[in-house]
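Dear colleague,

Please find below the structure that I am handing over to you. My notes on it follow.

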Amino acid sequence: MSFMNEDGKLVELAKPTKWVLQGSVAGEVMPVTVTKKGDHFGVVISNQVFNIADNFTLASPVINAQINGELTIFQLISRDVGYIKLQYLGTMFEVQILSKKLADHWKYMVQKPKADLSTMVIAPMPGMVKSVGVKVGDEVSEGQEMLVLEAMKMQNSLTAGKQGKVKKVNVKEGQTVSTDDVLIELE
């Protein structure tokens, strides 16, 4: 890796071979150290040592990792800054991985509260509202069809995430909507 310094000279930097991190799974925080050792990584998690072959990429939806000589298969569900969501043997794990320095500051950062999406019907894709099956004041039950959204010549039934009363209907039949638009709100 190289870059040009303030004097205009090309400076070579060695690729990092050791990372001091902090991991968190289900609220349990643990120190993580990763060291590049030739064709594998030495990973220490809370004093447990793992040798992981450098034979996979986090760009693949299926990860075939050699961990301590055994093939272990994970499904990569999603990645975001500092987070990765994996599925292993049918169980979903959301893992937070931060550099130690960032983790020390993370606790002071205000976290955006997650919205209660069960009280909203949100457009999962762009499309046209084919029909609206409820009006303000209607009582609805969990799983009841609220509206039909047509996208790519297919009709998608959007249902209530929980029982409640319709507070607001933000769309009408024939209206075009975008992904993540709030279509119907419940009390």
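Is P16 buried, partly exposed or exposed? P16 counts as partly exposed, because its relative accessibility is 45%; buried means under 20% relative accessible area, exposed over 50%, and partly exposed in between, with a 1.4 Å probe and protein chains only. This is a predicted model, in which local features need pLDDT of at least 70 and side-chain atom pairs count only at pLDDT 80 or more, while totals for chains, interfaces and linings use all residues. Residues are numbered from 1 along each chain as its sequence is written, and side-chain values use heavy atoms, with hydrogens and water left out.

P16 lies in the loop between strand 2 (10-12) and strand 3 (strands are DSSP runs of E, at least two residues, numbered from the N terminus).

The largest pocket has a volume of about 1300 Å³ (a pocket is an open set of points on a 1 Å grid where a 1.4 Å probe fits, with protein on both sides within 12 Å along at least five of seven lines; lining residues have an atom within 4 Å of a point). Of its 32 lining residues, I45, I52, L86, V95 and I97 are the closest to its centre. The lining comprises 23 nonpolar, six polar and three charged residues. Strand 7 is one of the strands that each supply at least two residues of this lining.

V62 is found in strand 7 (residues 62-67) and is partly exposed, at 42% relative accessible area.

Yours sincerely

Definitions and conventions
Helix = DSSP H or I, 4+ residues; strand = E, 2+ residues; numbered from the N terminus. Points joined across faces, edges and corners; volume = space filled by probe spheres on them. Nonpolar A, V, L, I, M, F, W, Y, C, P; charged D, E, K, R; others polar.
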